[in-house]
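Let's go through some labels together and ask where each one comes from. Please have the structure open while you read.

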Amino acid sequence: MDFMELARTRHSIRKYTNEQIPRELLEKVIEAGLYAPNAGGRQGSIIVGVHDAKLTEQIGKLNVAKFDRSELLGNYVSDEQPSIIDDPTIKSGFYGAPSVCVVFGPDGFLYSIPDAFCCAENMTLAAHSLGLASCIIARGEETFDNPDGRKFLAEWEIPEGYIARCFVLLGYIDGAEPKTAQRL
């Protein structure tokens, strides 16, 4: 599929089957993230792939633990693919995705957040090209700003001065592809 078709047909998915994706596809998605453009060619992002559904569920619960609805500008995302914004009963920010990539960037670097989201965008496009469903999720810093979260950072040997910027959920869609939203 050509790039424009890929870009037009990729959707943010928030309903996943329990089927785990093959490890080799996870590795390809991570590789795509590592080839994303970064400010000044710095390539300062670190990507951790979590290929364990129980672990992603645990981290997904940390992701919503400090979610503050009062900060929202709007309160509706989708009927087909509801988010925690739409449905306060959703208890995991990862929506049952069996694999998740955590994108870290250097704290205090002006372009850390844009660099991380460039990685995430490359990853979602790669995932779509490989037949995987995906979604970019924010609230990285908040997810690991607690004792349980800090344990993960230590386990993964994330260097001091790096901070989680975003997540890329990966899996297979549960249900039909959502309709493509109207563009302005």
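What follows is a set of questions and answers on ring pairs, salt bridges and packed helices.

This is a predicted model, in which local features need pLDDT of at least 70 and side-chain atom pairs count only at pLDDT 80 or more, while totals for chains, interfaces and linings use all residues. Residues are numbered from 1 along each chain as its sequence is written, and side-chain values use heavy atoms, with hydrogens and water left out.

Q: Why is the pair of Phe104 and Trp156 called edge-to-face?
A: Rings of Phe, Tyr and Trp (its six-membered ring) pair if their centres lie within 6.5 Å; planes under 30 degrees apart count as stacked, over 60 as edge-to-face and the rest as tilted. Here the centres are 6.4 Å apart and the planes stand at 75°, so the pair of Phe104 and Trp156 is edge-to-face. The structure holds seven aromatic pairs.

Q: What makes Phe104 and Trp156 a tie between separate parts of the chain?
A: Phe104 belongs to strand β2 (residues 99-106) and Trp156 to the loop between α6 (147-155) and β4 (162-171), so the pair ties together parts that are 52 residues apart in sequence. Helices (H or I, at least four residues) and strands (E, at least two) are DSSP runs, numbered from the N terminus.

Q: Are Phe104 and Trp156 buried or exposed?
A: Buried means under 20% relative accessible area, exposed over 50%, and partly exposed in between (1.4 Å probe, protein chains only). Phe104 has 1%, so Phe104 is buried. Trp156 has 19%, so Trp156 counts as buried.

Q: Which residues do ring pairs link into a cluster?
A: The cluster consists of Phe94, Phe104, Phe144, Phe152, Trp156 and Phe167.

Q: Why is the pair of Phe109 and Tyr111 called edge-to-face?
A: Their ring centres are 6.0 Å apart and their planes lie at 75°, so this pair is edge-to-face. Phe109 is partly exposed, at 24% relative accessible area, and Tyr111 is partly exposed at 41%.

Q: How do you know that the charged end of Arg42 sits over the ring of Phe109?
A: A charge sits over a ring if NZ of Lys or CZ of Arg is within 6 Å of the ring centre and within 35 degrees of the ring normal. The charged end of Arg42 is 4.5 Å from the centre of the Phe109 ring and sits over that ring.

Q: What makes Lys66 and Asp145 a salt bridge?
A: A salt bridge is a side-chain nitrogen of Lys or Arg within 4 Å of a carboxyl oxygen of Asp or Glu. Lys66 and Asp145 meet at 3.7 Å, N to O. This pair links distant parts of the chain, 79 residues apart.

Q: What joins Lys66, Asp145 and Arg150 into one network?
A: Arg150 and Asp145 also meet in a salt bridge, at 3.4 Å from N to O. Salt bridges that share partners join Lys66, Asp145 and Arg150 into one network.

Q: Why are α3 and α6 called oblique to each other?
A: Axes are lines fitted to C-alpha atoms, for helices over the stretch in contact, and angles run from 0 to 180 degrees between N-to-C directions. Angles under 35 degrees count as roughly parallel, over 145 as roughly antiparallel, 65 to 115 as roughly perpendicular and the rest as oblique. α3 and α6 pack at about 135°, with their axes 10 Å apart. They are therefore oblique to each other.
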